[in-house]
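The entries follow in the order in which I checked things.

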Amino acid sequence: MISAQEAEAIALRITPPITDTESIASVAALGRVLAEPVRSRLDFPHWDNSAMDGYAVRQADLAQGPTELQVIETIPAGVAPQQTLGPGQAARIFTGAMMPPGADAIAIQEDTEPAGPDRVKVLSQPAVGEFVRAKGMFCRSGDQILPAGLAIGPAELAVLAAAQCDRVTVVRRPRVAVFSTGDELGTIDQPLQPGQIVDSNQYALIAFLQQVGVEPISLGVVRDDRAALKAAVEQAIDQADLVLSTGGVSVGDYDYVDAVLAELGGEIHVKSVAVRPGKPLTLATFGPKVYVGLPGNPVSALVGCWRFVAPLLRKLSGRSGPHGVQWLTARSAQDLQGAGRRETYLWGSLQIIEGQLVFSLAKGSHSSGNLINLAGTTALAQVPQGTSEIAAHSEIQVLLLGGAVG
């Protein structure tokens, strides 16, 4: 067995990023990864504008203290100024409105008082440029506004829209083939026969892939037959960038995966990892194609996805690094039991309590076959290799699983 850290490093080393690209409409780019940098077509701001409601003024007029000024126009947002300020003049202005020619500062509303028809008394002495957002102060036309390798989220879509970038070049979505192995597996819509269980892994793994923005290819259930498994692996390798299977990677009489991979010319890099749950883990390559064989136990399969497959997919998708798992520091609400020689992952939820991140263990048995108490999981707690127990209220490392901290 190798350590979890070694397995993660190998997974990232053997995974090449996808280089195929496509041009798509920016409005359809949520979750996609930029293949090229995006440069602005515009200055931001587009013109000098006011950061506050108040009056556009000439700073030189206010050098001697409180001063009355003539108000020559009102400039709401979206309307171009019509006049140029001269000595002793001001313009009523609102947040976001264009600065009139001749003005070089804003006297905010709170620092003024009426002084008669079309007149205002300015009580403050704003500096030149105060409360003014100058043209191009955030970025200039031609500047890079989004780098290659960035996944597009709501903020990035806002930037693209503001810069009038209606199309972007993105990395093609990774294609991942998924199948489960085992004669005992049925589907969600079929009556179960004696000895059968539902292939929950297929549903869980496809949902996981959809959640991280990957295109899943479901190949269903492959029976415990070496020829059928070989055909399924060949089909998966042909159709996908990554193959993800569950079951058949342990040491039972019907665990054929490693033998079939070798027979097909695959290079096997990892066979088992010193973790609990999820010790049986196969990492193999067929040229640039990567094969990940996960255990059949449902908890082990999902934990393997969160711990090892997610980093691999980040690199495969063309995202900029770091790609590896990012641990957070929290405190445990309960005692945590480890597995001694293996790094242990325990599932539960994270909350912020009195300003501290606190991990609460899911109730019930933490068995790799107990899928029930995995529901509601938002984080995994790590008990390091060689540690048998961590006392309650101790500092621990946790892996956040994409959900918000409650």
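I began with a network of salt bridges and noted that it links Asp20, Arg172 and Asp241. The model is a predicted one, and I kept that in mind for each entry below.

Asp20 sits in the loop between α1 and β1, while Arg172 sits in the loop between β12 and β13, 152 residues apart.

Next I turned to Arg32 and Glu22, which form a salt bridge with their closest N and O atoms 2.5 Å apart. Arg32 lies in the loop between β1 and β2, and Glu22 lies in strand β1, 10 residues apart. I recorded Arg32 as buried at 8% relative accessibility and Glu22 as partly exposed at 34%.

I then checked Asp43 and Lys135, whose side chains meet in a salt bridge at 3.8 Å, N to O. Asp43 is in the loop between β2 and β3 and Lys135 in the loop between β10 and β11, so this pair ties together parts that are 92 residues apart in sequence. A search of the whole structure finds 10 salt bridges.

Last, I looked at the largest pocket, which holds about 620 Å³ of space. Its lining has 26 residues, and among those closest to the centre are Gln211 and Arg314. The largest share of the lining, four residues, comes from α6.

Conventions: Residues are numbered from 1 along each chain as its sequence is written. This is a predicted model: local features need pLDDT of at least 70, side-chain atom pairs count only at pLDDT 80 or more; totals for chains, interfaces and linings use all residues. Side-chain values use heavy atoms; hydrogens and water are left out. On a 1 Å grid over the protein atoms alone, a cavity is a set of points where a 1.4 Å probe fits but cannot get out, and a pocket is an open set with protein on both sides within 12 Å along at least five of seven lines; lining residues have an atom within 4 Å of a point. Grid points are joined across faces, edges and corners, and a volume is the space filled by probe spheres set on the points. Helices (H or I, at least four residues) and strands (E, at least two) are DSSP runs, numbered from the N terminus. A salt bridge is a side-chain nitrogen of Lys or Arg within 4 Å of a carboxyl oxygen of Asp or Glu. Buried means under 20% relative accessible area, exposed over 50%, partly exposed in between (1.4 Å probe, protein chains only).
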